[in-house]
Amino acid sequence: MKILMKAMGIIVFMFGSMPSIAQEHVVSPDNDVMKLTFLGTGAPRPSTERYGPSIYVEAGDHKILVDAGPGMRERLFEAGGFDAISGVDHILVTHLHFDHTVSISSAWLSGWLFGRRVPLRVQGPAGIGHMMMNIKEAYQWDVDYRVMVGVPIEGTELIVNEVSDGVIFDEDGLKITAFQVEHMPIDIATGVLLGLRGETLGFRIDYKGHSVLFSGDTRSTEASEINKIGEGVDLLIHEVQVPSPGATPEANLANVSLSVHSTPEQVGHVFARTKPKMAVYSHIIPPGTTAEDLERDTRPFYDGPLVVAHDMMEITLTGDDIIIGERADQSAGRFEDSKVLEK
Ligand SMILES: [Zn+2]
Ligand SMILES: [Zn+2]
């Protein structure tokens, strides 16, 4: 493997020589539509109702994933067929927990195999470079194999960007800002950080007058960046954990993670402070929690617009409108119609 460039936290991993970029973004200047599809609204615990955390963002002609949890590839295929699989060229990773990252390899390799001929850009916290280098090494044999039998090498490149605070992307009217959130392990008794290396992030995406905030995984505190950077956004998408009742060993184990996640009461206060045009719950722990449960537990603290996301829910931002609907199933798209043979 060659590391071609490491400057300002940007690492480019390549298999061959630097290719010419065969596909360019064709940006339609009047396209102000921003669309989010919730590919997975669950958590680490397996669920066939709520897959792992992943949100597909279409902003004009940009196709981005925010996290890539378990089941992402199948949901993305449902959301947009082969075009969506090969169209994603940018992944924002909030943190390195497996439920947010386990499908990055799948996005990289199936995107390439089914027609992406540009590098995949991966932006995430400290440690994402190491993870991507290992993923790349793990699948070197697969890439070598497929290239040998005729799959173009273009599209295997990874542009990996370790980011912290601030603007991390700004092109074609699409601005992405990263910020720190509070999800590092703490001593439950004292609240003191245990000292694990690394960081955990949230993201805000602005596109042609629309604004969406992704909380990442986080506990809620008064000092949280979300309270500032999320003020007045169109959509504030927040994680949530409902405490498990009782004192069984299973409940106790589940409730340990309350120290790094947010209860409906806490998120209700965040929503009340920031006043988004629409508050959204996703990354719902445990995944069996119903919309009614979350509404009931949030309403005493927040009375604004609120929606509980489910897998394949779609939110469209256009003009001043926020349209909530269901993503049409596009998985019937034929392989023959994919861009797999385009160079
Ligand atoms: Zn996490
Ligand atoms: Zn998580």
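Colleague: What do E11 and E12 form, and which residue in the turn has a positive phi?

Modeller: E11 and E12 make a hairpin with 2 residues between them, and in that turn Lys-208 has a positive phi of about 45°. Here helices (H or I, at least four residues) and strands (E, at least two) are DSSP runs, numbered from the N terminus. This is a predicted model, in which local features need pLDDT of at least 70 and side-chain atom pairs count only at pLDDT 80 or more, while totals for chains, interfaces and linings use all residues. Residues are numbered from 1 along each chain as its sequence is written, and chains are lettered from A and ligands numbered from 1 in the order in which they are written.

Colleague: Is Lys-208 buried, partly exposed or exposed, and where does this residue sit?

Modeller: Lys-208 belongs to the loop between E11 and E12, and it is partly exposed because 18 other C-beta atoms lie within 10 Å. The scale counts C-beta atoms placed from the backbone: 20 or more others within 10 Å make a residue buried, 12 or fewer make it exposed, and a count in between makes it partly exposed.

Colleague: How should I read the pairing of E11 with E12, and how many bridges join them?

Modeller: Strands of a sheet pair through backbone hydrogen bonds, either parallel or antiparallel. In this model E11 (residues 201-207) and E12 (residues 210-214) run antiparallel and are joined by 5 bridges, where two strands count as paired if DSSP finds at least two bridges between them. Tyr-207 faces His-210 of E12, and Arg-204 has Leu-213 of E12 as its bridge partner. Towards strand E10 (residues 174-180), E11 pairs over 7 bridges, again in the antiparallel sense, with Ile-176 standing opposite Ile-205 of E11.

Colleague: Which residues of E11 are on one side and which on the other?

Modeller: Leu-201, Phe-203, Ile-205 and Tyr-207 are on one side, and Gly-202, Arg-204 and Asp-206 are on the other, all of them buried, which leaves both faces of E11 covered.

Colleague: What is the order of the strands in the sheet, and which strands stand at the edges?

Modeller: The sheet is open, has 7 strands in the order E9-E10-E11-E12-E13-E14-E15, and shows mixed pairing. Strand E9 (166-171) and strand E15 (306-308) are at the edges, and because each has a single partner strand, one side of each is left without a neighbour in the sheet. On average, with direction ignored, neighbouring strands are turned by 20° against each other.

Colleague: Where does the parallel pairing come in?

Modeller: E12 and E13 run parallel and are joined by 3 bridges, with Leu-235 of E13 as the bridge partner of Val-212. E13 and E14 are also parallel, joined by 6 bridges, and Gln-241 stands opposite Ile-285 of E14. Ile-285 is in turn joined to Pro-286 by a cis peptide bond, with omega at about -10°, and Pro-286 lies in the loop between E14 and H9.

Colleague: Which helices lie on these strands?

Modeller: Helix H8 (residues 264-274) lies across strand E13 (235-241) and strand E14 (278-285), running at about 165° to E13. Helix H9 (residues 291-298) packs on the sheet and touches E13, E14 and E15, its direction making about 145° with that of E15. Axes are lines fitted to C-alpha atoms, for helices over the stretch in contact, and angles run from 0 to 180 degrees between N-to-C directions; residues are in contact if their C-beta atoms, placed from the backbone, lie within 7 Å.

Colleague: How is the packing of H1 and H3 described?

Modeller: Two packed helices are described by the angle between their axes and the distance between the axes. Helix H1 (residues 72-87) packs against helix H3 (residues 104-113) at about 30°, with the axes 11 Å apart. That angle makes H1 roughly parallel to H3, the classes being roughly parallel under 35 degrees, roughly antiparallel over 145, roughly perpendicular from 65 to 115, and oblique for the rest. Met-72, Arg-73, Ile-85 and Ser-86 of H1 meet Ser-106, Ala-107, Ser-110 and Gly-111 of H3.

Colleague: Are Ile-55 and Asp-67 buried or exposed?

Modeller: Ile-55, in strand E4 (residues 54-59), is buried, because 26 other C-beta atoms lie within 10 Å. Among the residues that Ile-55 touches are Leu-36, Phe-38 and Asp-67. Asp-67 sits in the loop between strand E5 (62-66) and H1 and counts as buried, with 29 C-beta neighbours inside 10 Å; its phi is near 70°, a positive value in a residue other than glycine.

Terms used:
Contact = placed C-beta atoms within 7 Å. Lists of a residue's contacts leave out its neighbours within four places in sequence.
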